Amino acid sequence: MSLVTAQNIVRVYGHGSSQFQALRGVSLDIQKGESVAIVGKSGSGKSTLMHILALLDHPTSGTITLNDQPVQSIKTKALNQIRNQMFGFVFQQFFLNARDSVLENVMLPLRIGGITGSKRRYLAEAAIEAVGLSNKKNNHAQDLSGGQKQRVCIARALVNNPEIIFADEPTGNLDSTTGAKIENILFDLQQKQDITLIMVTHDQDLAAKCQRQIQIKDGQIVSEKGAH
Ligand SMILES: Nc1ncnc2c1ncn2[C@@H]1O[C@H](COP(=O)(O)OP(=O)(O)OP(=O)(O)O)[C@@H](O)[C@H]1O
């Protein structure tokens with residue numbers, strides 16, 4: 001079943017003479033439970049595409065559908081809800097609240113989603129456990145190593161039991177040993193919990209571990225490997 005489809009996506013930044021076409025007609029179809037790497041050189045349009053697939057940005061033209069529903073027809077409030085309930089985000093720069101504890105950081109999406117009390121705590125503790133950080137749950141995020149911070153991000157991405165995890169260079173800031181651990185956690189989740197994994201990466205080895213590799217060049221898909 002198609003989970004996300006993109007049809008002829010164009011994204012133009014800027015106006016007039018400074019206009020730039022970052023995506024020039026991208027179409028793709030992602031099935032539930034797949035792992036997909038979006039690869040390409042710096043400036044090729046990878047992050048732009050991922051932000052559009054993650055409903056964080058709108059295409060200038062073209063259509064995104066989610067579970068066969070065109071996204072344009074969904075109102076902003078419902079869209080925010082979908083993002084909160086269906087998606088998890090793992091980005092390179094962490095975006096953690098440094099002075100809050102690990103537990104507080106992981107509970108945040110649940111707080112936004114209106115889940116309260118002991119249920120919120122229970123779900124957050126389970127996600128922290130899944131990434132092997134239970135012994136740090138009361139530490140401030142700022143007092144963790146890079147790999148631990150990234151694991152907090154994964155726990156936060158997981159806590160809502162998402163259908164899709166979007167990861168932008170998830171191991172980009174990490175040494176190779178720590179990066180490998182993070183990779184294992186992500187692929188484990190994808191396989192055991194049937195989560196769809198969509199990641200942007202420069203790392204060829206990481207991309208090769210995904211079932212599909214979509215290569216972007218100058219805003220267009222130039223090759224697709226492993227497509228269903
Ligand atoms: N807000 C913006 N305004 C204008 N141009 C932009 C904006 N964001 C991105 N671009 C341009 O669009 C192109 C694609 O950018 P994008 O961030 O998608 O590339 P990328 O493949 O993710 O690159 P990197 O690997 O370096 O992160 C680049 O040429 C970039 O300069």
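1. I112 is partly exposed, because 14 other C-beta atoms lie within 10 Å. The classes used here are buried for 20 or more other C-beta atoms within 10 Å of a residue's own, exposed for 12 or fewer, and partly exposed in between, with C-beta atoms placed from the backbone. I112 belongs to helix α3 (residues 102–112); helices (H or I, at least four residues) and strands (E, at least two) are DSSP runs, numbered from the N terminus. Between I112 and I64 there are 48 residues in sequence and 25 Å in space, C-alpha to C-alpha.

2. On the basis of the note: this is a predicted model, in which local features need pLDDT of at least 70 and side-chain atom pairs count only at pLDDT 80 or more, while totals for chains, interfaces and linings use all residues. Residues are numbered from 1 along each chain as its sequence is written.

3. Five bridges link β1 (residues 2–13) to β4 (residues 61–66) in the antiparallel sense.

4. The residues surrounding the ligand include Y13, F20, K46, S47 and T48; a residue is near a molecule or strand if its C-beta atom, placed from the backbone, lies within 6 Å of it. By type, the shell has three nonpolar, eight polar and one charged residue. Here Ala, Val, Leu, Ile, Met, Phe, Trp, Tyr, Cys and Pro count as nonpolar, Asp, Glu, Lys and Arg as charged, and the others, Gly among them, as polar.

5. Strand β3 (residues 35–39) is largely enclosed by the rest of the structure, because five of its five residues are buried. S35, A37 and V39 point one way from β3, and V36 and I38 the other way. β3 pairs in the parallel sense with β8 over four bridges, where I38 has V200 as its bridge partner. Four bridges also join β3 to the parallel strand β9 (residues 212–217), and V36 is partnered there by R212.

6. I38 is also among the residues that touch the most other members of the largest nonpolar core, which has 58 residues. Helix α5 (residues 146–158) gives the largest share of this core, six residues. Such a core is a set of buried Ala, Val, Leu, Ile, Met, Phe, Trp, Tyr and Cys residues joined through C-beta atoms within 7 Å.

7. Two backbone angles deserve a check. N161, in the loop between α5 and β7 (164–168), has a positive phi of about 55° although it is not a glycine. D194, in the loop between α6 (176–193) and β8 (196–200), has a positive phi near 60°. N161 is partly exposed, with 13 other C-beta atoms within 10 Å, whereas D194 counts as exposed, with 11 C-beta neighbours inside 10 Å.

Technical notes: Two strands pair if DSSP finds at least two bridges between them.
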